[in-house]
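Visitor: I would like to learn how to read some features of a protein model. Please take them one at a time.

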Amino acid sequence: MSTADTPETPRTTESTGRTAPTDTQVLVIGAGPTGLLLAGDLATAGIDVTLVERRPHGLANMTRAFGVHARTLEQLDARGLADELVATGTTLGTARLFGRLDLDLTRLPSRFNHLLVTPQYEVERLLERRAESAGVTFRYGTELRGLHQDTDTVTAEFTDPDGTPLTLTARHLVGTDGVRSAVRTALGLPFPGGSVIRSLVLADVRLAEEPADAFSVSGSGDTFAFLAPFGDGWYRVMGWSRTRQVPDTEPVDLDEIREITRRALGTDLGMHDPRWISRFHSDERQVPSYRVGRVLLAGDAAHVHSPAGGQGMNTGLQDAANLSWKLTAVLRGDAPDPEALLDSYQSERHPVGAAVLRTSGALVRLAMAHTPLTRAARALAARLLSVLRPASTRAMGMISGLGIAYAPPTGSKRPAGRRAPDVRLREGRLHELLRAGEFVLITPEGEAPPLPKTAPVSPEHLVRATWTDPAKKTAVLVRPDGYIHWTNG
Ligand SMILES: Cc1cc2nc3c(=O)[nH]c(=O)nc-3n(C[C@H](O)[C@H](O)[C@H](O)COP(=O)(O)OP(=O)(O)OC[C@H]3O[C@@H](n4cnc5c(N)ncnc54)[C@H](O)[C@@H]3O)c2cc1C
């Protein structure tokens, strides 16, 4: 563990060397999945990163997320981690919604045409190991208390594990410090929204009977329950009952969860031996600005919503993948317009966060539907998704993350902004080539065309690759996060 308890050597961080020295180039606050991926990416690219976490070292985050979607698995594949993660859980080819609608995930156009069910701590374990070996400086047991920024530096105030005040400076600071983000508060940003569902209960349990469906959501409108296997004999069960709406502080026991599950699914499958049991509520909120000067927000610090659709961790990881290469390009001096590049983090990821809030909000509201009108809407939604292939393809694209696309950069046209599929190239699969953490330029054999002047990459940070198909005559520049930046086709 590279825990920094030695005095820091001030170093000059901008590529020009003209600015004041800082303790580190980027301060990342919060070692949840979002912060770990971001810090690991930056360090892999040679950026000096300090990751500050309030928890003491060794105290894991609670197992909250358990569903890892296809696009996130592709992002992890592009970091050499996906196959190891898949081995920790179980993969599901079908997701059942509203008790009757099966979404066939095997149709997803990805190497990962499924949902992976694995505890969040497995994702964090792999990301932490990667961040450590890439050289991230970890400071556990250290809590952010405040920050301020000027034209070229961010100064952050902390208390260290002994409660002693500590000040660190950086070129940029990213708040990945979760739903109660101290970074967001220090920026004075609002977090508008409200509560979407209260008194959700959850437990990780063993079952006496195997469920008929691996992944199941069902409900009557007054109750719903959700069940998913971790693959090692443990199951996650989550439930809600309209008739038992109490504060989060109200104790919950297995009998309450059994009763809700029986009412929703018709059986409690003999659940026993809970290892974790909890009651919680979900808010739906999004910060209006993901960037204020040199400070940025990502993950739950920027957006939060109900667990329906299993989107929170997945969205946070993709925020991190979107931001890491942009910060890298700016710090290396590779960005022709650094302000515009950092602003594109807001213009690309804020709409995705808003769409996730809408989808997960719709799923949870339809699951709770109990008036004749809302139940009819649920039946209609299920019917449309089951009979209209384009509708179910769009829904799966949104939930899996594979359908996410960004606006083409100025001066480019489609397919710029779209996800680059994992094509086979002479040098290997595209997603393997992305493991370098750099842009990939794919060309026909022969001389490569000149890159557009606006491309935020310099030739020494470019991985070059060749189509296997000699009929392909276009050049394609793929961003480090696997989206097409430019093509001359
Ligand atoms: C019941 C439940 C089920 C869920 N299921 C899914 C799912 O299936 N799929 C999915 O994608 N998502 C799911 N989610 C959401 C998912 O757990 C979160 O979206 C995810 O943890 C967010 O990651 P993060 O890194 O942004 O924030 P967090 O995981 O909250 O990490 C923030 C970190 O910052 C640290 N921190 C906080 N304040 C400070 C400070 N002042 N100084 C220093 N450090 C600080 C915290 O200790 C923490 O380690 C679920 C959530 C719940 C509650």
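Visitor: Which helices each supply at least two residues of the lining of the second largest pocket?

Guide: A word on the general idea comes before the case. Rolling a probe the size of a water molecule over the atoms shows where empty space is left. This is a predicted model. Here helix H7 (312-332) and helix H8 (338-367) each give at least two residues to the lining of the second largest pocket. H8 contributes the largest share of that lining, five residues.

Visitor: What volume does the second largest pocket have, and which of its lining residues are the closest to its centre?

Guide: The volume of the second largest pocket is about 440 Å³. Its lining has 19 residues, and those closest to the centre are Leu341, Ser344, Pro409, Thr410 and His485.

Visitor: How do the residues of that lining divide into nonpolar, polar and charged?

Guide: Nine residues of the lining of the second largest pocket are nonpolar, six are polar and four are charged.

Visitor: Let us turn to sheets. What is the order of the strands in the open sheet of three strands?

Guide: The general idea is that strands of a sheet pair through backbone hydrogen bonds, either parallel or antiparallel. In this open sheet the order is E3-E7-E4, and the pairing is antiparallel. The edge strands, E3 (67-68) and E4 (90-92), each pair on one side only.

Visitor: How many bridges pair E3 with strand E7, and which residue is the bridge partner of Gly67 in E7?

Guide: E3 pairs with strand E7 (residues 115-117) in the antiparallel sense over two bridges. Gly67 has Val117 in E7 as its bridge partner.

Visitor: Next, strand E10. How many bridges join strand E9 to E10, and how many join E10 to strand E11?

Guide: E9 (residues 143-149) and E10 run antiparallel and are joined by six bridges. E10 is also joined by six bridges to E11 (residues 165-175), again in an antiparallel arrangement. Ala156 can be followed through both pairings: Ala156 in E10 is the bridge partner of Leu147, and Leu168 in E11 is the bridge partner of Ala156.

Visitor: How many residues does the chain use in the hairpin from E9 to E10, and how many lie between E10 and E11?

Guide: The hairpin joining E9 to E10 passes through four residues. E10 and E11 form a hairpin with five residues between them, and Gly163 in that turn has a positive phi of about 85°.

Visitor: Why is E10 described as largely enclosed by the rest of the structure?

Guide: The reading rests on burial, where a residue counts as buried if its relative accessible area is under 20%. Strand E10 (residues 154-159) is largely enclosed by the rest of the structure because five of its six residues are buried.

Visitor: Now a single residue. Is Gly428 buried or exposed?

Guide: Gly428 has a relative accessibility of 11%, so it counts as buried. Gly428 belongs to strand E21 (residues 428-429). Apart from neighbours within four places in sequence, Gly428 is in contact with Val423 and Leu433. Ala465 lies 37 residues from Gly428 along the chain, with 8.6 Å between their C-alpha atoms.

Visitor: What is the secondary structure of the protein chain, and what percentage of its residues count as buried?

Guide: The protein chain has 11 helices and 25 strands. Of its 489 residues, 57% count as buried. Among contacts between residues at least 6 apart in sequence, 69% join residues at least 24 apart. The accessible surface comes to about 20,100 Å², and 53% of that belongs to carbon and sulfur atoms.

How values were computed:
Residues numbered from 1 in each chain as written. Predicted model: local features only at pLDDT ≥ 70, side-chain atom pairs only at ≥ 80, totals over all residues. Heavy atoms only, no water. Pairing = 2+ DSSP bridges. Buried < 20%, exposed > 50% of the residue type's maximum accessible area, 1.4 Å probe, protein only. 1 Å grid on protein atoms, 1.4 Å probe; cavity = no way out; pocket = protein on both sides within 12 Å on 5 of 7 lines; lining within 4 Å. Points joined across faces, edges and corners; volume = space filled by probe spheres on them. Nonpolar A, V, L, I, M, F, W, Y, C, P; charged D, E, K, R; others polar. Contact = heavy atoms within 4.5 Å. Areas by Shrake-Rupley, 256 points an atom, 1.4 Å probe, with all protein chains shown as cover.
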